[in-house]
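Have the structure open as you read.

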Amino acid sequence: MTDNGIGPDLVTHIIVLSAYKSGSQYSKALSYFELMRGTNVNPDTTTLNIVINCLVKLGKYEEAIKVFNSMREKRSKCRPDIVTYTSIMHMYSVCGQVENCHSVFNTLIAEGLKPNIVSYNALIGAYASLGLSEQASSIFYDMKKRGTRPDVVSYTSLLNAFGKSQQPQKAKEVFDMMRKNNCKPNLVSYNALIDAYGSNGFLAEAVELLREMEQAGLQPNVVSISTLLAACGRCCEKVKIDSILKAANLRGIELNTIAYNAGIGSYMNVGEYEAALDLCKRMRKKRVRPDSVTYNVLISGCCKMSKYSEALDFLVEMRDLKIPFSKEVYSSAICAYSKQGQLAEAESIFDMMKMDGLQPDVIAYTAMLHTYTTAEQWEKAFAVFQEMEINGVQPDSVACAALMRSFNRGSQPGKVLLLAEFMRDKNIPFIDAVFFEMVSACTILRDWKTLTDVIHTMENSLPRISVGTLNHLLHSFAKVGKIDTMLKLFLKIVASGAVVDSTTYSILLKDLLAAGYWRKYIEVMQWMEDAGVPPSPQMYNNILSYAHTSAGPENGAAIRERIESLKRKSGYSLLKSKGCDPPLPANTLIGSL
């Protein structure tokens, strides 16, 4: 065309740009646009929409916004249309900036444009990606109310929103609604529902859906298999992992890196290390290249199984293959070195992470906090925590609990309570491990007023707090002779509906007997019978030993009489019990507390 002296017009340029965009050659499209700008052909809205789309695909979001803003200027001849706004909405959705996405949606309405199905789907999808099902549902029904009929993308996005918000039953309701309204589910819809079931522990339903999909004439793809494999790992179903891999093989579905990662991760989750290695070998045999996720799954899985040397072997292998380390790999490597007692290596990996241009996230910082806690270097742990704050990384409950543990081990209990104040100011939730360390700090400081405040803070969380922490709290009061306070707290724990097992009763009884509260000891044994937790033979033996050695003749006789009465009521016969431990002398019991 140019050889004949005829330059391409705008339509020709748009055709070329569209071809590059359709072929996913986004960089070439942008280069061509720059050449076009050097001619006398002015771009129109369609041209700039293609440019925005290509910039978004390449992750050049600031440049996309710049083009969008230039189109909105009063003197601009290329005014943004519905496609422009929808492209920007999609960009914000990809970035997880749902508020900005909704703001653009409101702006297009304010500009007098009518949202189309693509605009609505972009907004529903933005909320769905974050699991904000209530907001996604609101947009969905508003769209219907305004006369726009939902399509398969609309339904699938809403279904996905319920799946991500842990509401698989509602996801199924959306799926059924789709079919009822003559909107045929596609492969993506089925995969979304499989994920909704699988990610929430409904593995049987997820597998059944695979069969239903095939009956509907849709063949499962590698996404279906990956989703099911990941679900097996969450549900600890080793047999199902084998079955799904076999099903994929029978259907001729070639696994990709993501699917292999899901399978390897699931095997590691259920403790099947050798099976995970076999799948890795199969991955290599099929010439599917592992990535950083593959090795993070292997390294972190090894750490969970206490196979730290194997974890470090995988790290070396990853280096040899020149696979770039991700933040997750660095964090797992820090954990492995820490558990091996290799502090210098853990520090080196942490520094290497920063030199590679990766800003440590809260997981990496927490790994270093655990490393310094294990090494009993609270000053360095505190320095890491301060660095986290300086770099704008918000500490979470786990990081704070790790630093508290470091402070307590370093004989700095006062700093634990100061950190608790920091958590309140930052609205960081108090988890079980935080309460445990706060109780320890108060006990060390003998700060009973603060400990009482901690209990008040814990009251609403008592049913969710672990037995170990509750036992620690009860024993903390007993150690300083606050038996009445311990009993009051125990009754609060019971009233809250928290799980009280034999270990809690055992702690309570030992502390009561050590303090000489034998009457209350027998009363608690009666509570155990009433709660359906029969006292153990050792508990009977301990009180009888106390009666024989420490209670005196009069009290000893009273104890034996009440114990015999309790045994008769419960149908218990100490003489008939087998394998009982010998009575524990009271002085030994007291000395151990």
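Lys-322 counts as exposed, because its relative accessibility is 70%. Bear in mind as you look that this is a predicted model. You will find Lys-322 in the loop that runs between α18 (308–320) and α19 (327–339). Its backbone deserves a glance too: phi of Lys-322 is near 55 degrees, a positive value in a residue other than glycine. For context, most residues other than glycine have a negative phi.

Arg-446 sits in the loop between α25 (432–445) and α26 (448–458). With a relative accessible area of 53%, Arg-446 is exposed.

## The overall picture

Stepping back, the protein is built with 33 helices and zero strands. Along its principal axes, the C-alpha trace spans about 120 × 55 × 55 Å. The radius of gyration is 32 Å, whereas a compact globule of 593 residues would come in near 25 Å.

Of the 593 residues, 45% are buried. The protein exposes about 29700 Å², and carbon and sulfur atoms supply 52% of that area. As for contacts between residues at least 6 apart in sequence, 60% of them join residues at least 24 apart.

## Helix α7 and its surroundings

Now zoom in on α7, which covers residues 117–129. This helix has 13 residues and reaches 18 Å from its first C-alpha to its last, close to the 18 Å expected at 1.5 Å a residue. Since 10 of those 13 residues are buried, α7 is largely enclosed by the rest of the structure.

At its start, a side-chain oxygen of Asn-116 comes to within 3.1 Å of the backbone nitrogen of Val-118. Just after the helix, Gly-131 adopts a positive phi of about 75 degrees.

Asn-296 belongs to helix α17 (residues 292–304). Its relative accessibility is 16%, so Asn-296 counts as buried. Which residue does the side chain of Asn-296 meet in a polar contact? The partner is Ser-332, and the contact between the two side chains is 2.8 Å.

Leaving aside residues up to four places away in sequence, Asn-296 touches Gly-301, Glu-328, Val-329 and Ser-332.

## Cysteines without disulfides

How many disulfides does the structure hold? The count is zero. For Cys-302, the nearest cysteine sulfur is that of Cys-303, 7.1 Å away, and Cys-302 is in no disulfide. Cys-302 is buried, with a relative accessible area of 0%.

Technical notes:
Residues numbered from 1 in each chain as written. Predicted model: local features only at pLDDT ≥ 70, side-chain atom pairs only at ≥ 80, totals over all residues. Heavy atoms only, no water. Helix = DSSP H or I, 4+ residues; strand = E, 2+ residues; numbered from the N terminus. Expected span 1.5 Å × (residues − 1). Buried < 20%, exposed > 50% of the residue type's maximum accessible area, 1.4 Å probe, protein only. Polar contact = N/O pair within 3.5 Å; in protein donor to acceptor, adjacent residues only side chain to side chain. Rg over C-alpha atoms; globule rule 2.2 N^0.38 Å. Contact = heavy atoms within 4.5 Å. Areas by Shrake-Rupley, 256 points an atom, 1.4 Å probe, with all protein chains shown as cover. Disulfide = S-S within 2.5 Å.
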